[in-house]
Every structure is written in C-alpha cells, then in structure tokens.
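Hi there,

Here is the structure I promised to pass on. Have a look first, and my notes follow below.

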Amino acid sequence: MGKVMIFDHPLIQHKMSIIRDINTGAKEFRELVNEISTLMAYEVTRDLPLEDAEVETPVGKAKTKVIGGKKLGIVPILRAGLGMVDGMLNLIPAAKVGHIGLYRDPETLKPVEYYCKLPSDIEERDLILLDPMLATGGSAVAGIQFLKDRGAKNIKFMCLLASRVGIDLINKDHPDVDIYAAVVDEKLNDHGYIVPGLGDAGDRLFGTK
C-alpha cells in the first residue's frame with residue numbers, strides 16, 4: 001500500500017485557508033497555488049537518492065552530496081494541474097514536464113483522455129502526477145494508468161485538496177503510488193465535487209466559469 005502524506009506545515013495550512021475562501025480572486029489564487037506547490041515539493045522530493053561528490057571551496061576540498069539515481073518528471077493533468085507546475089520547477093528546474101489531458105464526463109463522472117504528451121524516456125524517470133483536486137479519484141486513477149501503460153514504473157500523486165473517497169480509490173487501484181495532499185475533506189456532493197472543498201480549481205485558476 002502506498003503511503004498517504006497529509007501536510008501539517010503551518011505555511012501550507014495558512015495558504016490553503018486563503019485559497020478555499022470564496023473571496024480570493026484568480027490572481028491571488030494562482031500565486032498561492034504556486035507557493036503551496038513549492039512548499040509541498042520540498043517534502044515530495046525528500047526520498048530522492050543522494051551520491052557522494054567533491055567540490056572545491058575557496059579554502060579547500062569539501063566532501064558533499066548531490067542528487068543521484070533516476071531523473072524526475074512532472075506531469076500535470078490538464079488543465080488545473082498546470083497551476084502547480086511552476087511551483088514544482090522552482091525547486092527542481094531540471095525536471096522534464098509532460099501533460100495529460102482529461103475531462104470528466106458530466107453524466108458518468110468517468111474520465112476521458114483527449115491529450116497525452118510525455119518525455120520520451122518516461123520509463124527511466126521518477127514521475128510526480130499533479131492535480132489540485134482529488135475528488136472521486138477517477139481522473140487520478142486514469143492518469144496513473146496512462147503513465148503505467150506508457151512504461152512508467154515509479155509514480156507519486158500530488159494534490160492540494162483530497163477526498164477520502166479519492167484516496168481510497170488510488171490505494172485500491174494503484175497501491176504502489178504514494179499520495180501527497182495538503183488537506184483532506186471527507187465528503188463529495190452529488191456532482192462529485194469535494195465538500196466543503198474550494199470549488200472548481202481550474203475555473204478559479206484561470207478566471208473562467
């Protein structure tokens with residue numbers, strides 16, 4: 001079973017309170033999603049492997065550590081996942097970025113793929129799949145499966161707000177995938193939206209309705 005990490009850092013919790021507020025506009029919402037993503041990236045990358053190195057300082061040689069092992073890839077689920085990419089790249093600028101386009105059928109609530117463009121060496125990368133909301137879990141589970149179908153072996157899922165239903169579905173269908181979330185709400189409404197949630201993340205990021 002993959003681990004589930006819920007962030008209790010005061011800065012993350014404070015910023016999440018602001019983005020959940022109905023009075024927070026698109027500009028501030030985008031900025032805060034960026035900031036929260038950077039803070040979360042710090043923890044998501046905690047288990048990256050290190051290898052020994054040596055550098056020349058102004059006063060001598062120093063034995064140091066550098067990141068070793070596999071290369072990283074960031075894959076946002078379009079469109080809302082785009083809002084988290086820059087925040088991640090602030091800490092890991094060398095990561096390659098892929099994109100998966102999904103939309104949720106309003107009748108069945110099932111995800112439908114309409115776009116997928118990934119790094120050519122995806123099977124060699126540790127991937128972080130991004131989506132601000134983990135509601136029913138359908139889009140996340142489908143996105144993870146799309147990555148696996150194309151050769152990905154090591155995947156983490158990162159979101160801002162998760163439902164217990166969505167977490168349980170990922171754990172059931174993809175028990176090898178770790179989940180990282182800033183906040184968990186317990187309920188979904190009849191339309192599959194998280195309650196109390198924060199509304200539609202894509203609409204709030206891009207100022208659409």
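Let me start with the contacts: among those joining residues at least 6 apart in sequence, 63% link residues at least 24 apart, a contact being heavy atoms within 4.5 Å.

Some background before the rest. This is a predicted model, in which local features need pLDDT of at least 70 and side-chain atom pairs count only at pLDDT 80 or more, while totals for chains, interfaces and linings use all residues. Residues are numbered from 1 along each chain as its sequence is written, and side-chain values use heavy atoms, leaving out hydrogens and water.

On the overall fold, the protein has six helices and 13 strands (DSSP runs, H or I of at least four residues for helices and E of at least two for strands, numbered from the N terminus). Its radius of gyration is 18 Å, close to the 17 Å from the globule rule for 209 residues, so the protein is as compact as a globular protein of that length. That radius is taken over C-alpha atoms, and the rule is 2.2 Å times the number of residues to the power 0.38.

Of the 209 residues, 46% count as buried (buried is under 20% relative accessible area, exposed over 50%, partly exposed in between, with a 1.4 Å probe and protein chains only).

Finally, the cysteines. The structure holds zero disulfides, a disulfide being a pair of cysteine sulfur atoms within 2.5 Å. For Cys-116, the nearest cysteine sulfur is that of Cys-159, 20 Å away. Cys-116 is partly exposed at 24% relative accessibility, whereas Cys-159 is buried at 0%.

Best wishes
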